[in-house]
Amino acid sequence: MSQSDTGDRRRDSAAAWRLWKGPGLTWLALVALFAVSLGSAYLPLGAGNVATNLVIAAVMIALLVTFLMDLKNAQTIIRIVAASGLLWTVFMFALTFNDYLSRHY
Amino acid sequence: MTDVTLPFVPPLEAAGESYLDEGHTILSWLTSTDHKRIAILYALSITVFFFIGGVAIGLVRLELISPTGLFLTSDEYNRLFTIHGIIMVWFFLVPSIPATMGNFILPMMIGAPDVAFPRLNLMSWYLYVGGAAFTVYVLFSGGVDTGWTFYPPFSSDYSHSNVIAAAAGVFIVGFSSIATGVNFLATIHMLRCPGMTWFRLPLFAWAMYVVSMVMVLATPVLAMSLLLISAQRYFGLPIFDPNAGGDPLLFQHLFWFYSHPAVYIMILPAMGVVSEVFACFARRRVFGYTFMVYAMIMIGVVGFMVWGHHMFVAGQSPLANLVFSFLSFIVAVPSAIKVFNWTGTLFRAHIGFEAPMIYALGFLGLFTIGGLTGLFLASVPIDIATTDSYFVVAHFHTIMVGGSVSAFMAGIHYWWPKVTGKLYNEFWAQFAAITMFLGFNVTFLPQFVMGWLGMPRRYHYYPDVFQIWHVLSSGGAVILAVAYLMPLVYLTWSLLYGEQAGDNPWHATGLEWQTPSPPPKTNFLRPPRIDTNPYEYHDFGRAEETGDEGRAEPQGEAS
Amino acid sequence: MSDLAGALREPWPDLQLQRAGVGLGMWIFLASEVLFFAALFCGYAVYRSFNAGAFRIAGEHTEIVYGSINTVLLLTSSLTMTVALRAATAQLRKLTLYCLAATAALGVAFLVCKGLEYHEDLKEHLFPGPHFPLSPPATQIFWGFYWIMTGIHAVHLTGGIAVVLVVFTLFKRRVIPVQGSIMEGVAIYWHFVDSVWLVLYPLLYLVGRS
């Protein structure tokens, strides 16, 4: 609405660069990890392939959640909520596999 | 320092309009984001569905008078009990207390002007209506016959009924649940009034909190399980198809992962209501408040780890049976603690037998019986004998009808003066409550007996030897039906001709009573604050009877 | 400050609490979404643990190039979404709009890629049914999960793109100020959709490659 556009624009650009830096570094890390995961899939690691890929996926998600979703600065309750989703998933997997892995038929 | 820091202080005359006066058109109701109006929209909707589900099972009970049926084909019979289950679980019980009383009373109870996300609240009602529309379509297009449990391969491959439409209806109404849960959790976390610390929350608020957590975490798994059978049915994707290596039991794992916590969704709010009613009508603080809170949390958490007790004979491994059985015994403990604490609340209390209390007392006894029979079923050997018999049917109806519906009625009558500003006719309410209790027992006690004797559930034709029990049960159902219709009459009468209730006709504690009846749109005339514990019905350590006659000295005679 | 009046909604007493509330509400919804996908992943895990060989055979036929491009597209969209949120909080309206548009564009690019990929898959008849080319039978289970997992993910992504476009329009027309509470929720949801893909990708595309 005001007419101080030039000053605003210069201020905006400097502020903008600062905004890109942190997320940009996270993005680089994520792409690098993705490349490692993709590459490792072509190595004959047997069961190690799944494990590697899933571990890398977990690390990527952790990076995304911590740095891009700002979970590191979030209130405790939000971290509890995030953890609950994961914990309940563990309940589901643990008790379901408890059935499947103990069947002998 | 405001007027609402002390209990029983008569609030000022209502200066503002009540929420009922803010717009009189239907559109004002259908577009309202006021939690109180949305609660009433829900109340009307679930009442309609309660009666539809009731008619369905009324026809079933009529049919079961004869061992060889009277007027239904077996196919029609299957569709009737299925739609009864679907409607009663998802379109009545799950939303009942949370969407009506939770919506109306919870914000007021914690001193908030509304829920955290009022527009999401309205959307949750429209999601209910959307799901209900699918269910009505199913009703009119021949129904669904898989049982409310939708087990494959019947549901995914062999049923010739509207499985996908029914699943879609349940899928959609599930998101109504999730929306409500998200809203309540955010409300309780962020909109409590000054002084309302966590351990000053009334137990109804805690119940809403825990049930919201369960709704949010359990319901999506139901949604996925229904999506998967629909995908198998419609697209032929062999998710549970043994021919491709699939396992029908996987569906049961996913379905019951939700459906067991669902029964806690149906009982936790009832527990919350009953705590409020006992405190008020026994004029006592609830015994063991802290244990009551932790018991509800434990039910909410451990309730997610017991689902396999619905699958003891389905093909689970013996180890899984053992683990689930053990955990099911554990989850009974907090419920038992609550029953002891309610009893402790009543012990030596000054009990009034108004309708809410009669319903709550009915809850206490029937929940105990239902819970105990649940323990029997948690024992694998007993369950193997009684699975899919009327024993199971009687067990879950005792908890859900004897328990949850009784508590729902208790809450309706307890908060009726607050919501409508009118008093209901106490005699007829008490009469209906007692009739309901008697009708319930005549309906379901015979079902325990015949289940134990071997009568299978969901059977259209049955051996002659069970007929007497079926006739008794159907007779009881008639009494129950009358008892359910009576409130429609006297509550409507109360709306039209009832006495003005005043702000606090029960002389109850709690913020919702410190404001006019019916409340203004913003709930409170001035910002509330709290600096006392809940249920300050009497001074600790002093019997109410001694009143102001000096200190109560221990004497030989009872005072 | 009058700018912000449009952003504050009943029943919140102030904008900061409202933002925190929207964030909390969205995270709680996300917990439910985690369980939604967890049910799917649990089923996949059960079947894979008993049909490892069949899953390896089935997994070789997913289009790794499309899948990998899609992963990079989504990761980049999370970058632009993060910057959009930061820009909004810093009240940099133009940058917010630019980043929201970029996010939506990357999302659409993902969907286009997915569409092309589905076309390839269907050309090879990789849909469980009478013309399914692979054996043993459990390969059909893998492919059943493929269609459901990617399909539901795509539905969530489409919803996200729609919301981003609506929010973009609301900001562009100055209906609500960028520093309201809506960006919190949108960003959190978007990152979640990306996270789901990060789990889907190894489960569907990196199986049986070695």
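What follows is a chat about a predicted model with chains A, B and C.

Me: Before we dig in, what should I know about the numbering and about how far the model counts?
Reply: Residues are numbered from 1 along each chain as its sequence is written, and chains are lettered from A, with ligands numbered from 1, in the order in which they are written. The model is predicted, so to speak of local features pLDDT must be at least 70, side-chain atom pairs count only at pLDDT 80 or more, and totals for chains, interfaces and linings use all residues.

Me: OK, chain A. How many helices and strands does it have?
Reply: Chain A has three helices and zero strands. Helices (H or I, at least four residues) and strands (E, at least two) are DSSP runs, numbered from the N terminus. Read from the N terminus, the order in chain A is α-α-α.

Me: And what share of chain A is buried?
Reply: Buried residues are 24% of its 105 residues. Buried here means 20 or more other C-beta atoms within 10 Å of the residue's own; 12 or fewer is exposed, in between is partly exposed, and C-beta atoms are placed from the backbone.

Me: How about chain C, how much of that one is buried?
Reply: In chain C, 57% of the 210 residues count as buried. Chain C has seven helices and zero strands, and its C-alpha trace spans about 65 × 30 × 30 Å along the principal axes.

Me: How many residues do A and C put into their contact?
Reply: 39 residues of chain A are in contact with 37 residues of chain C. In contact means that the C-beta atoms of two residues, placed from the backbone, lie within 7 Å.

Me: Which element of chain A gives the most there?
Reply: H1(A) does, with 13 residues on the side that touches chain C. That side has 30 nonpolar, eight polar and one charged residue. For those classes, Ala, Val, Leu, Ile, Met, Phe, Trp, Tyr, Cys and Pro count as nonpolar, Asp, Glu, Lys and Arg as charged, and the others, Gly among them, as polar.

Me: Switching to helix packing. How do H2(B) and H4(B) cross?
Reply: The axes of H2(B), residues 35–63, and H4(B), residues 118–140, come within 10 Å and cross at roughly 15°. Axes are lines fitted to C-alpha atoms, for helices over the stretch in contact, and angles run from 0 to 180 degrees between N-to-C directions. H2(B) and H4(B) are therefore roughly parallel to each other. The words go by angle: under 35 degrees is roughly parallel, over 145 roughly antiparallel, 65 to 115 roughly perpendicular, and the rest oblique.

Me: Which residues of those two meet?
Reply: From H2(B), they include Ile38(B), Leu41(B) and Phe49(B), and from H4(B), they include Leu122(B), Trp125(B) and Val129(B). The contact has 10 nonpolar, three polar and no charged residues.

Me: What about H8(B) and H11(B), what's their angle?
Reply: Roughly 125°, with the axes of H8(B) and H11(B) coming within 9 Å. H8(B) and H11(B) are therefore oblique to each other. Their contact has nine nonpolar, no polar and no charged residues.

Me: Is Ala360(B) buried or exposed?
Reply: Ala360(B) counts as buried, with 30 C-beta neighbours inside 10 Å. Ala360(B) is in helix H11 of chain B and touches Val274(B), Val277(B), Phe278(B) and Ala410(B), not counting residues up to four places away in sequence.

Me: Last one, back in chain C. How far does H5(C) reach?
Reply: H5(C) has 31 residues and reaches 45 Å from its first C-alpha to its last, close to the 45 Å expected. That expected span is 1.5 Å times one less than the number of residues. The buried residues of H5(C) include Leu95(C), Phe110(C) and Lys114(C). After H5(C) comes His125(C), with a positive phi near 60°.
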